[in-house]
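Here's a quick tour of a few spots worth a look.

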Amino acid sequence: MKTVDIFLKSYKKDFWLLAMALETIKKNVTGYNNLVLLIPETDKEYFDTRELPERTYVHYISEYGNGWIFQQWCKINAHNYCYADYIMFTDSDCLFDHPINLQDFIVDDKPEILYTDWGKVGDAIAWKKPTETIMGDSAPFEFMRRNQLIYHRETLVKINQWQQNLEQLIMSSEKFSEFNLLGTWAYKNERDKYNFINTDNWTYVEPRATQCWSHSSKEEGADELHLREYIRTLESVLKAFGIKVP
């Protein structure tokens with residue numbers, strides 16, 4: 001059996017969501033080795049470590065620059081914190097509302113990666129140029145079709161070896177999409193190691209977790225429509241856990 005680590009970068013503003021996400025991992029997620037959390041050193045005193053899932057490793061890190069860009073660099077750099085064969089990425093606002101075994105998502109040693117033609121992705125076309133800038137080459141498809149993507153750890157090792165100044169390139173970017181870079185690089189260099197599926201030929205299956213989009217909260221200044229959807233998602237997911245929606 002191949003090992004899988006779960007990687008999650010969070011920060012103070014999302015700790016209340018992270019606490020709920022970790023509860024759902026404890027309840028519903030199996031088939032993984034370790035859970036690796038990255039927390040800013042400046043937020044350490046606000047982070048409650050008392051109810052973490054088993055086999056959780058917390059790394060307190062020094063942040064700099066644009067926080068949104070920095071957390072994406074952390075994911076590209078996840079191989080320096082995770083040592084399993086595979087790494088599954090998730091976020092603080094992703095709640096695992098049904099049982100899953102991560103081993104089920106790696107068939108014949110190949111994780112599934114969905115992709116879509118750029119002409120069919122709407123506003124996500126915004127990630128095409130930034131991806132091509134980092135790649136120095138064309139980006140044929142959009143690869144950020146779902147959350148909880150699983151990648152070979154070795155893919156992250158190789159992409160950092162391929163571009164020695166990758167951190168500088170990413171951190172100096174105004175826009176960046178970590179999973180479009182990973183997907184594009186893997187599609188061009190390791191296509192045989194993944195099950196790449198064009199969404200035109202894909203039959204829908206439920207996502208591995210429900211994302212409640214933390215940027216749709218009242219604190220983030222969301223409009224009434226997005227706020228209602230945000231609350232509805234939280235309520236529907238957390239009802240099964242008996243947790244009051246904050």
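Where does Thr131 lie? Thr131 lies in helix 3, which runs over residues 128–135. Helices here are DSSP runs of H or I with at least four residues, strands are E runs of at least two, and both are numbered from the N terminus.

## Ground rules

This is a predicted model, where local features need pLDDT of at least 70 and side-chain atom pairs count only at pLDDT 80 or more, while totals for chains, interfaces and linings use all residues. Residues are numbered from 1 along each chain as its sequence is written, and side-chain values use heavy atoms, with hydrogens and water left out.

Thr131 has a relative accessible area of 2%, so it counts as buried (under 20% relative accessible area; exposed is over 50%, partly exposed is in between, with a 1.4 Å probe and protein chains only). Skipping residues up to four places away in sequence, Thr131 touches Ala139, Asn180, Leu181 and Thr184, where a contact means heavy atoms within 4.5 Å.

The buried residues of helix 3 are Pro130, Thr131, Ile134 and Met135. They sit on the same side of helix 3 because they cover an arc of only 130° around the axis, the arc being that of the directions from the helix axis to the C-beta atoms. As background, an α-helix has 3.6 residues a turn, so residues three or four places apart point the same way.

What does that buried side pack against? The buried residues of helix 3 pack against helix 4 (153–162), helix 5 (166–171) and helix 6 (178–189). On the face turned away from the buried side you'll find the exposed Lys129 and Thr133. After helix 3 comes Gly136, with a positive phi near 70°.

## Asp5 in strand 1

Now hop over to Asp5, which has its place in strand 1 (residues 4–9). With a relative accessible area of 2%, Asp5 is buried. Beyond its neighbours within four places in sequence, Asp5 is in contact with Asn33, Asn34, Cys82, Tyr83, Ala84, Tyr86, Ile87 and Met88.

As for Thr56, 51 residues away along the chain, its C-alpha atom is separated from that of Asp5 by 9.9 Å.

## Cysteines
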